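Subject: Structure for you to look at

Hello,

Here is the structure I promised to pass on. Please open it beside this message and follow along.

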Amino acid sequence: MNEILIISGKGGTGKTSLTAAFAHLAKNHVICDLDVDAPDMHLILKPENTKSVEFISGHEAVINPDKCEACGKCLEMCQYGAVNENDDIFSINPLKCEGCKVCVEFCPVDAIDFPDRKCGHWYSSDTRFGPMIHAQLFPGEENSGLLVSLLRKKAKELAGEKGLDLILSDGTPGIGCPVIASLSGVTLAVIVTEPTPSGRHDMERVAELCGHFNIPAGIIINKYDLNEKEAAAIEAYSRKKGFTLFGNLPHDPVITRAMINAQAITEYEDNDFAKQLTGIWEQIIRTVKPVK
Amino acid sequence: MKIAVASGKGGTGKTTVSSSLVSVWESPVIALDLDVEEPNLHLFLNPEFTDKRMANMEIPKIDDALCSKCGQCGELCQFKAISLMGEVLMTFPEMCHGCGGCIAICPEGALTKDFRELGEITWGKNGKNEFLMGRLRVGEAMSPPLMRAVKEKLGEMLDASSTDVIPKDVIIDAPPGVSCPAINAVMDSDLIILVTEPTPFGFYDMKLAHEAFLPMGKPMGVVINRAGLGNSEVYDYCNEVKLEIFAEIPYDRKIAEAYANGDVISESSDEMKQIFISLADKVKEKAGSNASQGGAA
């Protein structure tokens, strides 16, 4: 099974638009949106026949006011500043609680409950480009890394059932928990960057992360013509670090017009951007070994 | 007052808005980059860094001579970071959330504090302003603990300037998304600016961000970047839910090129400067009644 992950470091470089086009061009694949926080690929792929499953992960502390004797032990022990006290009334801020159970364990009067934490939903759907696994966390939730790992597991199971040999995943911006969870063990990471100071800075950090986990990586420079000096610096960096340069794409509002039409750029009216992107996809798919 | 610049979708222009607001703000501010995974604000403001310190998380260290293999630490740990495997107690430092529960519960005193490096906190001067940022160590998964450490430093900086004639305002460049790092970045602010673009992705993610931040009850407004590029969904939504549009930045290739060149957009033309001066006035007016005066973070 091959697994190709599209990431970027910086947000807004074009990950999802490009992944949607790759989903259109790829064959025998499961599409996976690993951006569980602010997912967008469903806006283009319009999933149907969606099966929805609740994602429960960890627990959260809730103080029972009838039992609480206001001793302040929980406030003293919480490392996350999640315990609020107001005139001897103690409560937990769910946005700050990490579900560590320390307050529950050390409360001398057992006044703190520890119910399951419902973090969001994950979905298995059909799309015009093939089956799709995706999710949506509830706002403000954590554990996105665990949900990302779960989606990858479900995508592999689905590919196994259907006899498909490629998982094509759209990742999240950043280099933290969800990105690390999406990266471990993939066949290839494709980094979509842009020739701006922030695009280059963030690409270097996410490329370093790929190196940290020994993941082969290649680079696409989107909007390369915005600043050819920055683009050249990115190319030089890639060559020095031994990353494959898959190609450059121009700054072109056609990508937004396709998005508004809920189409992948390669489905949208005849355009040069799509032709160049198709060439890039052919190159990407050649770098991963065929599955026997 | 503290102003958070957030977005939902990445790449909509948070750093463009933050750096420009810092540039046009009349009184001294602390420019704070809380996007610790991918901090960018310094690339545009070019501050002079004066000092730094490492941020660490407290994790357990085992003294095998004292450990009685009772396993209470592993039973309490919710993150599988410490576990009794047969007769061997093992720690998995990367999984640890630093809650301190295992150290507190150990009846033998066999666990002591060790540290995991989260990243670096750096600060300095930027003209009349101060600058502060966190930078997550590559390979570290958890950004909220580093963000908490950066906010502690912010508290120190605000305390140090508490005798200033004019209390320092704080302009926060937040990470993208609407999960815990984004919430952590905006939760202590007096006003949230949502930066979006008028495209289907921009609209969908702005709506998520608006819904995520709404329960905090803070004043919120929208900056529409690349206005004229896409469709009307963002405008229709703002109209429907009475979410004020604070400013619009036109879609213009010249602006994208200026950004690519590392320029602060408000300094790129008179027209842009005026847009951000009006935005700053609007923000002060809306946050004013809700604002905290200096003090703790």
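The buried residues of α8(A) are covered from several sides. The cover includes β11 (188-193), α7 (197-212), β12 (217-221) and β13 (244-248) of chain A. It also includes α9 (253-260) of chain B. Keep in mind that this is a predicted model.

Which residues of α8(A) are buried? They are Glu230(A), Ala231(A), Ile234(A) and Ser238(A). Looking down the axis of α8(A), you find its buried residues within an arc of 105 degrees, so they line one face of the helix. There is a general rule to remember here. An α-helix has 3.6 residues a turn, so residues three or four places apart point the same way.

Now turn to the face of α8(A) that points away from the buried side. Exposed residues sit there: Glu228(A), Lys229(A), Ala236(A), Arg239(A) and Lys240(A).

Helix α8 of chain A has 14 residues, 228-241. After α8(A) comes Gly242(A), which has a positive phi, near 80 degrees.

Next, look at strand β1 of chain A, residues 2-7. Is β1(A) mostly covered or mostly open? Mostly covered: five of its six residues are buried. Strand β1(A) pairs with β10 of chain A (residues 166-170) in the parallel sense, over five bridges. Within that pairing, Glu3(A) stands opposite Ile167(A). Strand β1(A) also runs parallel to β11(A), joined by four bridges. There, Ile4(A) has Leu188(A) as its bridge partner.

Pro253(A) lies in the loop between β13 and α9 (254-260) of chain A. Why does Pro253(A) count as partly exposed? Because 13 other C-beta atoms lie within 10 Å, while a buried residue needs 20 or more and an exposed one has 12 or fewer. Pro253(A) and Phe273(A) are 20 residues apart in sequence. In space, they are 10.0 Å apart, C-alpha to C-alpha.

Then there is the place where the chains meet. How many residues of chain B are in contact with chain A? The count is 50, and they touch 52 residues of chain A. On the chain B side, α4 (101-105), α6 (180-186), α7 (200-213) and α9 each supply at least two residues. Helix α7(B) gives the most, with seven residues. By class, this side of chain B has 24 nonpolar, 20 polar and six charged residues.

Now step back to chain B as a whole. Chain B has ten helices and eleven strands. Its C-alpha trace spans about 70 × 45 × 40 Å along the principal axes. Of its 297 residues, 53% are buried. Take the contacts in chain B with a separation of 6 or more: 75% of them come from residues 24 or more positions apart.

Last, the domains. Chain A is assigned domain 1 (2-57 + 120-287) and domain 2 (61-114). Their centres are 40 Å apart over C-alpha atoms. Chain B is divided into domain 1 (2-55 + 119-288) and domain 2 (64-109). For chain B, 40 Å separate the two centres over C-alpha atoms.

Best wishes

Conventions: Residues numbered from 1 in each chain as written. Chains lettered and ligands numbered in written order. Predicted model: local features only at pLDDT ≥ 70, side-chain atom pairs only at ≥ 80, totals over all residues. Domains from an automatic or database assignment. Expected span 1.5 Å × (residues − 1). Arc of directions from axis to C-beta. Contact = placed C-beta atoms within 7 Å. Nonpolar A, V, L, I, M, F, W, Y, C, P; charged D, E, K, R; others polar. Pairing = 2+ DSSP bridges.
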